[in-house]
Amino acid sequence: MEEIIHIINEMSPYLLLGFLLAGLMHAFIPQQYYSKYLAKPNFRSVLYATLFGQALWVWLTQLSAPLPH
């Protein structure tokens, strides 16, 4: 049980950051943007979604990296 609580405690900042980012995107990026670039059944939409997801992952990874002394 302690391990589960430890894992939840480690994950919670990233989940909260993800919820915050999703809320900001929902509030400030118009729905038409998603429909125009990401909602079509073609290769370009998949490419855009992949690049956005990769950039987001790199940004979040850099946030969690220890700072140099």
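User: Leaving aside its neighbours within four places in sequence, with which residues is S45 in contact?

Analyst: This is a predicted model, in which local features need pLDDT of at least 70, side-chain atom pairs count only at pLDDT 80 or more, and totals for chains, interfaces and linings use all residues. Residues are numbered from 1 along each chain as its sequence is written, and side-chain values use heavy atoms, with hydrogens and water left out. Contact means heavy atoms within 4.5 Å. With the neighbours within four places in sequence set aside, the contacts of S45 are Y37, L38, A39 and K40.

User: Is S45, in helix α3, buried or exposed?

Analyst: Helix α3 covers residues 43-64 and includes S45; helices (H or I, at least four residues) and strands (E, at least two) are DSSP runs, numbered from the N terminus. Buried means under 20% relative accessible area, exposed over 50%, and partly exposed in between (1.4 Å probe, protein chains only). Because its relative accessible area is 5%, S45 is buried.

User: What pattern does the chain follow along the sequence?

Analyst: The chain has three helices and zero strands. Read along the sequence, its pattern is α-α-α.

User: Which residues form the nonpolar patch on the surface?

Analyst: Like charges are joined within 9 Å, and nonpolar side chains (Val, Leu, Ile, Met, Phe, Trp, Tyr) within 5 Å. Accessible areas come from the Shrake-Rupley method with a 1.4 Å probe; for residues, only the protein chains shown count as cover. Together exposing about 750 Å² of accessible area, the patch residues are L20, L24, F28, I29, Y33, Y37, L38 and Y48.

User: Which element gives the most to the nonpolar patch?

Analyst: Two elements give two or more residues to the patch, α1 (2-28) and α2 (31-37). With three residues, the element that gives the most is α1.

User: What is the relative accessible area of L24?

Analyst: L24 lies in helix α1. This residue is partly exposed, because its relative accessible area is 41%.

User: How many Å apart in space are L21 and L56, C-alpha to C-alpha?

Analyst: L21 is also part of helix α1. In sequence, L21 and L56 are 35 residues apart, whereas their C-alpha to C-alpha distance in space is 9.9 Å.

Conventions. Patches are made of residues with over 30% relative accessible area and no salt bridge: like charges are joined within 9 Å, nonpolar side chains (Val, Leu, Ile, Met, Phe, Trp, Tyr) within 5 Å. A salt bridge is a side-chain nitrogen of Lys or Arg within 4 Å of a carboxyl oxygen of Asp or Glu.
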